[in-house]
Amino acid sequence: MKEVKKMENRPSFDNSFVDKTLPTTSISTILSMVQEPFDQKGVAQKTFDKRFNDPESEYYQMTVDQIIEKWQQKGQISLQYGRLNDNYIGIVLEGTEDDKDLFYLDNDVDGDERLNTQVRAFDEFMNDLPEHIVFVAREVTLYYKIDDHYVKGRFDALFYDTEKKKWIIVDWKTSGTVDTEPTRYTTKLLGPARIFNALNWYTYTMQLYFYKTALVESGYLPEGTTSDDIEICIVNFPGREFENGKLYKKYPKAFDYDKDLMDGIFTFGIKKNILLTKKNGSNN
């Protein structure tokens with residue numbers, strides 16, 4: 001794999017401006033507020049009704065509780081591979097060749113097909129990057145103040161296009177697919193986000209737009225930087241090959257950036273989370 005080019009004199013990403021006395025809500029919590037809660041029991045029951053007598057199904061002869069347990073086990077495995085993927089990305093972007101060799105040995109990359117595919121997918125992504133796109137930083141926590149409340153979140157990676165003079169926020173997705181097309185079962189998101197389909201492509205875009213908002217409005221980037229100077233990119237490493245032979249796929253924004261809309265979504269998520277916390281506390 002070619003050498004990773006890094007930005008010289010990168011931004012400091014200083015969070016000393018944060019007032020620790022004010023409440024903070026994570027962007028992941030806010031995004032959970034714009035989505036209907038997942039009815040695990042109900043969906044498992046439907047799966048049971050449809051697949052119990054299907055010998056071709058992975059849920060053949062499984063009870064509802066067994067189906068749920070299987071989903072939970074899959075979720076834990078996905079989290080494990082997600083962490084390994086993050087570790088490998090960190091080594092490639094900020095580590096040494098010795099670190100990379102140790103990662104291969106410790107995690108038996110050559111003997112683990114799923115991890116091997118993820119590793120090769122990221123290597124392929126980096127090899128495909130043009131020379132004029134350089135690495136800036138990874139896993140940096142950002143804060144954005146709205147009214148008397150902070151929203152915080154940590155981006156996966158930030159790059160810079162030295163030709164276009166554009167910053168690029170990248171988010172890696174290793175679990176499942178990026179859903180871009182609605183079906184007849186697709187509902188809408190909630191609150192100010194109700195104009196969008198309840199697909200992860202939209203919530204992923206909102207997540208990246210939070211980073212964009214924070215980078216500009218909280219002053220992390222050089223003075224004069226505007227939202228037009230920041231692009232976003234969702235990169236999916238699903239552990240399989242796409243139609244074009246690639247092991248990864250890049251997705252653009254699901255909708256155009258609108259700061260007023262995003263502020264409305266942040267405010268909605270903060271208020272709803274406060275109300276739900278209060279309600280759940282009173283029910284205990």
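Which residue lies over the face of tyrosine 204? In this predicted model, lysine 173 takes that place, at 4.1 Å from the ring centre.

## Charges over rings

Lysine 173 and tyrosine 204 form one such arrangement, with the lysine over the face of the ring. Another involves lysine 212, whose charged end sits over the ring of tyrosine 257 at 5.0 Å from the centre of that ring.

## Aromatic pairs

Across the whole structure, a search finds 28 aromatic pairs. One of them joins phenylalanine 13 and phenylalanine 155: the ring centres are 5.9 Å apart and the planes stand at 70°, so the pair is edge-to-face. This pair links distant parts of the chain, since phenylalanine 13 belongs to the segment before strand 1 (24-26) and phenylalanine 155 to strand 3 (residues 149-161), 142 residues apart. Both phenylalanine 13 and phenylalanine 155 are buried.

A further pair consists of phenylalanine 17 and tyrosine 220. Their ring centres lie 5.8 Å apart with the planes at 70°, and the pair is therefore edge-to-face. Phenylalanine 17 is found in the segment before strand 1, whereas tyrosine 220 is in the loop between helix 6 (200-217) and strand 5 (230-236), so the pair ties together parts that are 203 residues apart in sequence. Phenylalanine 17 has a relative accessible area of 37% and is partly exposed, while tyrosine 220, at 6%, is buried.

The largest pocket holds about 1,000 Å³ of space. Its lining is made of 32 residues, and the closest to the pocket centre are Leu79, Trp172, Lys173, Thr174 and Ser175. At least two lining residues come from each of helix 1 (27-33), helix 3, strand 3, strand 4 (166-173) and helix 6. Helix 3 provides the largest share, nine residues. By class, the lining of the largest pocket comprises eight nonpolar, 14 polar and 10 charged residues.

The second largest pocket has a volume of about 870 Å³. Among its 21 lining residues, Phe38, Val43, Tyr185, Thr186 and Thr187 lie nearest the centre. Helix 2 (40-51) and helix 6 are the elements that give two or more residues to this lining, and helix 2 gives the most, with six residues. The lining of the second largest pocket divides into seven nonpolar, eight polar and six charged residues.

## Enclosed cavities

The model contains two cavities of 30 Å³ or more. The largest cavity has a volume of about 110 Å³, and its lining includes Lys2, Val4, Met126, Pro130 and Phe159. Seven residues of that lining are nonpolar and four are charged, with no polar residues.

The second largest cavity contains about 30 Å³ of space. It is lined by Asp86, Ile89, Arg138, Glu139, Asp156 and Trp172.

Asparagine 85 is placed in helix 3 (residues 64-94). Is this residue buried or exposed? Its relative accessibility is 2%, and asparagine 85 therefore counts as buried. Apart from its neighbours within four places in sequence, asparagine 85 is in contact with Gln118, Thr174 and Phe237.

How values were computed. Residues are numbered from 1 along each chain as its sequence is written. This is a predicted model: local features need pLDDT of at least 70, side-chain atom pairs count only at pLDDT 80 or more; totals for chains, interfaces and linings use all residues. Side-chain values use heavy atoms; hydrogens and water are left out. Helices (H or I, at least four residues) and strands (E, at least two) are DSSP runs, numbered from the N terminus. Buried means under 20% relative accessible area, exposed over 50%, partly exposed in between (1.4 Å probe, protein chains only). Contact means heavy atoms within 4.5 Å. On a 1 Å grid over the protein atoms alone, a cavity is a set of points where a 1.4 Å probe fits but cannot get out, and a pocket is an open set with protein on both sides within 12 Å along at least five of seven lines; lining residues have an atom within 4 Å of a point. Grid points are joined across faces, edges and corners, and a volume is the space filled by probe spheres set on the points. Ala, Val, Leu, Ile, Met, Phe, Trp, Tyr, Cys and Pro count as nonpolar, Asp, Glu, Lys and Arg as charged, and the others, Gly among them, as polar. Rings of Phe, Tyr and Trp (its six-membered ring) pair if their centres lie within 6.5 Å; planes under 30 degrees apart count as stacked, over 60 as edge-to-face and the rest as tilted. A charge sits over a ring if NZ of Lys or CZ of Arg is within 6 Å of the ring centre and within 35 degrees of the ring normal.
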